[in-house]
Amino acid sequence: MKGNFQSPMEEKLKEGIMVLDSGCGPATWSLDMAEMYPQSTFYGVDVYPVFPNEVKPQNCHFQACNVAEKLPFPDNHFDFIHQRLLIFGLTRADWRNAIKELVRVLKPGGYLEILECDIEFENEGPMQHRVMSAIFQAFVKKDMSPSVSRELGPEYLEPIEQLQDIKDKVVSFPMNHGGKLGSLFWDDFRHACEALHAWVMKEDVEFEDLEVYKQFLGECAQECSEYKTNMPWHCYSCQKKPESA
């Protein structure tokens with residue numbers, strides 16, 4: 001994405017602001033940003049406490065909580081909120097609750113940024129399509145949205161009257177082609193697919209055996225290289241209207 005964020009927050013981050021990393025996971029983004037902007041304070045939250053508890057910068061704090069329920073922060077608390085890759089963790093109702101909570105804790109004039117992948121690929125081959133079809137079906141059964149990356153703007157952000165200047169930057173990530181980036185991204189994607197094996201095997205019985213499934217993913221890697229398959233990512237950036245607006 002050519003940077004850790006797209007919102008116009010560079011100068012404010014250097015001066016020192018309050019930042020929330022929603023769904024921070026192992027806190028890679030928070031830790032990186034805390035080192036880059038030592039004057040700012042970063043809070044990471046995630047439903048699973050996989051973030052570091054002891055070895056961390058002094059301007060980094062972490063807490064286990066569910067963004068789709070209630071964030072343990074007061075209204076109008078953060079200058080900048082970042083969230084990425086919760087497509088596999090939130091239902092449609094969760095998304096609405098989460099965004100409502102993020103807007104609540106965002107200060108007037110502050111920026112909200114959400115980065116999500118689109119699992120409807122560009123130049124997708126038949127083998128990869130088979131895997132993704134199973135994942136799509138599992139999403140629907142769980143009331144989750146496989147196309148949430150495209151829906152975030154028109155269905156979740158634009159209807160909120162408190163938000164303005166909504167931008168959607170789309171970048172296509174190479175899947176096992178285009179050099180080191182494509183190889184690294186495919187490795188990440190393969191690990192995600194393996195983690196979703198329990199979902200996939202319920203939709204495609206031929207994938208019940210994990211080793212068979214892993215072998216199939218290996219063949220998908222070659223197909224993605226041949227087809228030049230890409231995964232689009234959407235980065236939404238928007239501002240909470242200032243109080244005078």
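**View 1. Strands E5 and E7 side by side.** In this predicted model, strand E5 (residues 106–117) and strand E7 (residues 230–240) run antiparallel and are joined by 7 bridges. Look for glutamate 116, which stands opposite histidine 234 in E7.

**View 2. The whole sheet.** Zoom out a bit and you get an open sheet of 7 strands, in the order E3-E2-E1-E4-E5-E7-E6, with mixed pairing. Strand E3 (60–64) and strand E6 (163–174) each have a single partner strand, so one side of each has no neighbour in the sheet. From one strand to the next, the twist averages 15°.

**View 3. Two helices on the sheet.** Helix H5 (residues 148–157) lies across E5, E6 and E7, and runs at about 25° to E7. H6 lies across E6 and E7, at about 105° to E6.

**View 4. An aromatic pair within H6.** The model has 18 aromatic pairs. One of them joins tryptophan 186 and phenylalanine 189, tilted with 50° between the planes and 5.4 Å centre to centre. Both residues sit in helix H6 (residues 180–195), 3 residues apart, or about one turn of the helix. Tryptophan 186 has a relative accessible area of 4%, so it counts as buried. Phenylalanine 189 is buried too, at 8% relative accessibility.

View 5. Phe5, Trp29, Tyr37, Phe42 and Phe80 come together as one aromatic cluster. For a ring with a charge over it, turn to phenylalanine 216: the charged end of arginine 130 sits over this ring, 5.3 Å from its centre.

Key: Residues are numbered from 1 along each chain as its sequence is written. This is a predicted model: local features need pLDDT of at least 70, side-chain atom pairs count only at pLDDT 80 or more; totals for chains, interfaces and linings use all residues. Side-chain values use heavy atoms; hydrogens and water are left out. Rings of Phe, Tyr and Trp (its six-membered ring) pair if their centres lie within 6.5 Å; planes under 30 degrees apart count as stacked, over 60 as edge-to-face and the rest as tilted. Helices (H or I, at least four residues) and strands (E, at least two) are DSSP runs, numbered from the N terminus. Buried means under 20% relative accessible area, exposed over 50%, partly exposed in between (1.4 Å probe, protein chains only). A charge sits over a ring if NZ of Lys or CZ of Arg is within 6 Å of the ring centre and within 35 degrees of the ring normal. Two strands pair if DSSP finds at least two bridges between them. Axes are lines fitted to C-alpha atoms, for helices over the stretch in contact, and angles run from 0 to 180 degrees between N-to-C directions. Contact means heavy atoms within 4.5 Å.
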